[in-house]
Amino acid sequence: MKKELKGFIIGVIATVILISSAAYSESVKQTIEVLFNSVNLEVNGKKVEADNILYNGTTYVPLRAVAEMLGKEVEWNQATRTASINDKKETITAKVVRVVDGDTIIVNFNGKDERVRLIGIDTPESVHPDVSRNLPEGKTAYEFTKSRLEGKEVVLEFDVQERDQYGRLLAYVYLNGVMFNKTLLEEGYARVATYPPNVKYVEEFTEIQKTAREKSKGFWKNNTFNGENVEDKTSDSATGTVKAEGKYVGSIDSNKYHYPTCRLAERILKENEIWFDTVEEAEELGYEPCGICNPK
Ligand SMILES: [Zn+2]
């Protein structure tokens, strides 16, 4: 459409498309008259190469064209018919040189090997320090991750924290555009584990886990995880809390207490666990809040 065109030109523009679904019953179809490209639009001094319309004193522009020029990403969720504008994800591309565990891999980028923990999830132990806990399901998760990721090029996306205290990268790992953390949950080879403050996808993960459980995928078939029955211990709450023997957990050989889903809590050997229902209970026994998960 040429800029020089003046006046009311386009007679009919359906601004909102009639959608039959009841959920979007507020959508209406109406015929309006608009001014086409009557406004010159620039973003940071660059011309917006997309048509705009002026209607009732408001200029309407294509969401994606403008958002992307502002350095944002636009995502479309067909199921909920939601367009969202988000900050660009911080990502890096790397090659997987070795799979350590179902949820831990070694990648190489910029000529350097880096250990990466897939976050938001937890796979059963396959290399537990206590050999008696090296159970078949841990090996299955390891074999699955190895078969899919080893030697492949992946994209790492980060959450709030890029690394943990051990220097490991904390990442959502994408293989061919599909997040592998989700794949593990879908297949029932991992369960949701929250690592505050890295909880970007916790709700989505919890939903995927719920479906995997319903379908008895992977280890949900027997409801065992690290040799323990998880039937009654897995809540479907948004926090994805997986152990429910108390609200907080500590180790008898440390003075810190954690949320059970904290990655440090995960390292506490079963026989050393001490559970608390309240902060007071923990602190009365001389325990202090963990600096990573900040139990409150
Ligand atoms: Zn903690």
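Two strands count as paired if DSSP finds at least two bridges between them. I kept that in mind while going through this model, which is predicted.

**Entry: β12 and its partners.** I looked up β12 and found that 3 bridges join it to strand β15 (residues 169-175), with the two running parallel. Val116 stands opposite Leu169 in β15. I then turned to β11. Strand β11 (residues 104-109) pairs with strand β12 (residues 112-118) over 6 bridges, in the antiparallel sense. Asn108 has Asp113 in β12 as its bridge partner. I checked the turn as well: β11 and β12 form a hairpin with 2 residues between them, and Asn110 in that turn has a positive phi of about 50°.

**Entry: the sheet with β3.** I followed an open sheet of 3 strands and noted the order β3-β6-β7, with antiparallel pairing. Its edge strands are β3 (35-36) and β7 (58-60), each of which pairs on one side only. β3 is joined to strand β6 (residues 53-55) by 2 bridges, and these strands run antiparallel. For Phe36, I found Ile53 in β6 as the bridge partner.

**Entry: Ser251.** Is Ser251 buried, exposed or partly exposed? I placed Ser251 in strand β20 (residues 248-251) first. Ser251 has 19 C-beta neighbours inside 10 Å, so it counts as partly exposed; buried would need 20 or more. Leaving out residues up to four places away in sequence, I listed the contacts of Ser251 as Ile268, Asn272, Glu273 and Ile274. I also looked up Leu264: Ser251 and Leu264 are 13 residues apart in sequence and 10.0 Å apart in space, C-alpha to C-alpha.

Note on methods:
Residues numbered from 1 in each chain as written. Predicted model: local features only at pLDDT ≥ 70, side-chain atom pairs only at ≥ 80, totals over all residues. Helix = DSSP H or I, 4+ residues; strand = E, 2+ residues; numbered from the N terminus. Buried ≥ 20, exposed ≤ 12 C-beta atoms within 10 Å, placed from the backbone. Contact = placed C-beta atoms within 7 Å.
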